[in-house]
Amino acid sequence: MADPDGDAGAVEVDVEELLDGVGFDPEASVLTRRQAEVLALRERGTRQADIAALLGTSRANVSSVEASARENIAKARETVAFAEALAAPVQVEVEAGEDLYDVPQRVYDACDAAGVKVNHTAPDLMKLVSDEAGDAVQGRKVVAPILVGVTSAGAVRVRRSE
C-alpha cells in the first residue's frame, strides 16, 4: 500500500517484496513484470494515479497495463479450463434443445461408468452447469451445445462445444 507520507520509494520496495514473496517469475508467467507490479498495487487498493506517479508514467498507461494484465489472466484461466476439459476422463456432450434437468443424471451415469466420484447434488450440478455455460443455457433449456467434463478428482468443468 502507498506510504501515507507520499514516499514513493517505500511502495516500490513493498512491490518488489510482494512479487518475490509470492514467487512471481516473469519467465514462467503470462504477465510481464510491469503488469504484475500494477496488479499487485491495485489489489492492495492503490489508485491508478498513484501507481502512475510511482512508475513515472500516465494514469492512462497504468489503466492500459492493468486491462492487459486482466485479459492475460482471463486467457490463462480459459486455457487451463480447456486443457482440463480435454484431459477429463468423463466427458458428457449436451446438445442444444436438451433439458438442464436431465444433465445431472447423465453426468452421474458417466462418472459411475468411469469410476469417478462427483461431489455435487443434482441441484448444485445444474446450477454449476448453468452458471459456467453462460448464455448456452437459458432457464431449463440448453440452447447451444456444451461439454461437461469431470476430472479424476471430481472437479466439474463446463465448456461451450461449438
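# Close-up views

**View 1. Glu132 touches Val156, Arg157 and Val158, with residues up to four places away in sequence left out.** Contact here means heavy atoms within 4.5 Å. The model is predicted: local features are given only at pLDDT of at least 70 and side-chain atom pairs only at pLDDT 80 or more, while totals for chains, interfaces and linings use all residues. Residues are numbered from 1 along each chain as its sequence is written, and side-chain values use heavy atoms, without hydrogens or water. Glu132 belongs to helix 6; helices (H or I, at least four residues) and strands (E, at least two) are DSSP runs numbered from the N terminus. Glu132 counts as partly exposed because its relative accessibility is 41%; buried means under 20% relative accessible area, exposed over 50%, and partly exposed in between, with a 1.4 Å probe and protein chains only. The side chain of Glu132 reaches the backbone nitrogen of Val158 at 3.3 Å. This is a polar contact, that is, a pair of N or O atoms within 3.5 Å; within protein, one atom must be able to donate a hydrogen and the other to accept it, and residues adjacent in sequence count only if both atoms are side-chain atoms. Between Glu132 and Arg157, the C-alpha to C-alpha distance is 7.9 Å, at a separation of 25 residues in sequence.

**View 2. Helix 5 (residues 103-114) has a buried side and an exposed side.** The helix has 12 residues and reaches 17 Å from its first C-alpha to its last, close to the 16 Å expected at 1.5 Å a residue. The expected span is 1.5 Å times one less than the number of residues. Val103, Pro104, Val107, Tyr108 and Cys111 are the buried residues of helix 5. They lie on the same side of helix 5 because they cover an arc of only 130° around the axis, the arc being that of the directions from the helix axis to the C-beta atoms. An α-helix has 3.6 residues a turn, so residues three or four places apart point the same way. Asp112 and Ala113, on the other side of helix 5, are exposed. The packing partners of the buried residues of helix 5 are strand 1 (90-94), helix 6 (122-133) and strand 4 (146-150). Just after helix 5, Gly115 has a positive phi of about 70°.

**View 3. The largest nonpolar core has 24 residues.** A nonpolar core is a set of buried Ala, Val, Leu, Ile, Met, Phe, Trp, Tyr and Cys residues joined through side-chain atoms within 4.5 Å. Val107, Val129, Ile146, Val148, Val150, Val156 and Val158 have the most contacts inside this core. Two or more residues come from each of strand 1, helix 5, helix 6, strand 4 and strand 5 (156-160). Helix 6 gives the most, with 5 residues. Beyond its neighbours within four places in sequence, Val156 is in contact with Val118, His120, Leu125, Leu128, Glu132, Val148, Gly149 and Val150. A second, separate core of 16 residues includes Leu39, Ala52, Val62 and Ala69.

**View 4. Val90 is found in strand 1.** Val90 counts as buried because its relative accessibility is 2%. Apart from neighbours within four places in sequence, the residues in contact with Val90 are Ala110, Cys111, Ala114, Val116, Val148, Gly149 and Val150.

**View 5. Gln48, Ile51, Ala52 and Leu54 are buried in helix 3.** They are on the same side of helix 3 because they cover an arc of only 165° around the axis. Gln48 is in helix 3 (residues 48-55) and counts as buried because its relative accessibility is 14%. Leaving aside neighbours within four places in sequence, the contacts of Gln48 are Arg42, Arg59, Val62, Ser63 and Glu66. Just after helix 3, Gly56 takes a positive phi of about 70°.

**View 6. A polar contact of 2.3 Å joins the side chains of Arg159 and Glu78.** Arg159 lies in strand 5 and is buried because its relative accessible area is 15%. With neighbours within four places in sequence left aside, Arg159 is in contact with Glu78, Ala81, Phe82, Ala85, Pro145, Ile146 and Leu147. The chain is divided into domain 1 (15-83) and domain 2 (88-160), with bounds from an automatic or database domain assignment. The C-alpha centres of domain 1 and domain 2 are 34 Å apart.
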